[in-house]
Amino acid sequence: MSKTSSPRAPQNEVMTTTHDTTTKAAVIPVLVYEDIEAAHDFLVGAFGFTSGGLHRLDDGTVVHAEVRNGDAAIWLHGVSPEHDLASPRGAGASHGGLSVIVPEVDAHYARTRAAGARIDSAPTDQDYGLREYGARDPENHRWWFSSPLA
């Protein structure tokens with residue numbers, strides 16, 4: 001790899017930086033909800049995430065929540081016009097979604113369906129080596145759950 005002192009590397013050049021390599025790098029998705037507490041409870045109850053906690057103001061209003069899949073966190077943020085953050089609830093199209101690897105996709109699908117989640121597609125073996133299904137949460141975020149094919 002080459003180093004460059006310019007702020008932008010040419011397209012064929014890789015920029016390098018120095019970091020403490022003893023720290024794990026992480027990407028934490030942030031999903032926006034109109035009702036953070038209801039979203040948290042749904043994600044834990046229907047999708048089987050573990051709770052990372054609810055953060056409340058003194059008046060009890062939930063302003064942030066976290067759910068976890070193993071070591072991976074997902075932050076739940078409230079609608080915030082001042083930051084141009086909106087829930088996809090009522091949107092005609094989706095901006096994207098999250099793909100989550102689970103140990104047993106068929107059992108996960110059964111749990112999710114029994115909890116009343118909107119199912120977009122049933123578990124299907126994919127050419128790219130996963131068995132996968134699609135679902136939505138109550139505010140229309142898209143989710144794909146999959147397990148590697150044996």
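Biologist: Which residue in the S7 and S8 hairpin takes a positive phi?
Modeller: Asparagine 140, with phi near 80°. The hairpin has five residues between its two strands. Bear in mind that this is a predicted model.

Biologist: How many bridges hold S7 to S8, and do they run parallel or antiparallel?
Modeller: Seven bridges, and the strands run antiparallel. S7 covers residues 130–136, and S8 covers residues 142–148.

Biologist: What stands opposite glycine 134 there?
Modeller: Tryptophan 144, in S8.

Biologist: And S5, which way does that strand run against S8, parallel or antiparallel?
Modeller: Parallel. S5 is residues 97–101, and five bridges join it to S8. So S8 pairs with S7 in antiparallel fashion and with S5 in parallel fashion.

Biologist: Which S8 residue does leucine 98 stand opposite?
Modeller: Tryptophan 143. The next residue in S8, tryptophan 144, stands opposite glycine 134.

Biologist: Changing topic. How many helices and strands are in the protein?
Modeller: Two helices and eight strands.

Biologist: In what order do they run?
Modeller: From the N terminus, β-α-β-β-β-β-α-β-β-β.

Biologist: What share of the residues is buried?
Modeller: Buried residues account for 30% of the 150 in the protein.

Biologist: Last one, on contacts between residues at least 6 apart in sequence: what percentage join residues at least 24 apart?
Modeller: For the protein, that figure is 50%.

Terms used:
Residues are numbered from 1 along each chain as its sequence is written. This is a predicted model: local features need pLDDT of at least 70, side-chain atom pairs count only at pLDDT 80 or more; totals for chains, interfaces and linings use all residues. Side-chain values use heavy atoms; hydrogens and water are left out. Helices (H or I, at least four residues) and strands (E, at least two) are DSSP runs, numbered from the N terminus. Buried means under 20% relative accessible area, exposed over 50%, partly exposed in between (1.4 Å probe, protein chains only). Contact means heavy atoms within 4.5 Å.
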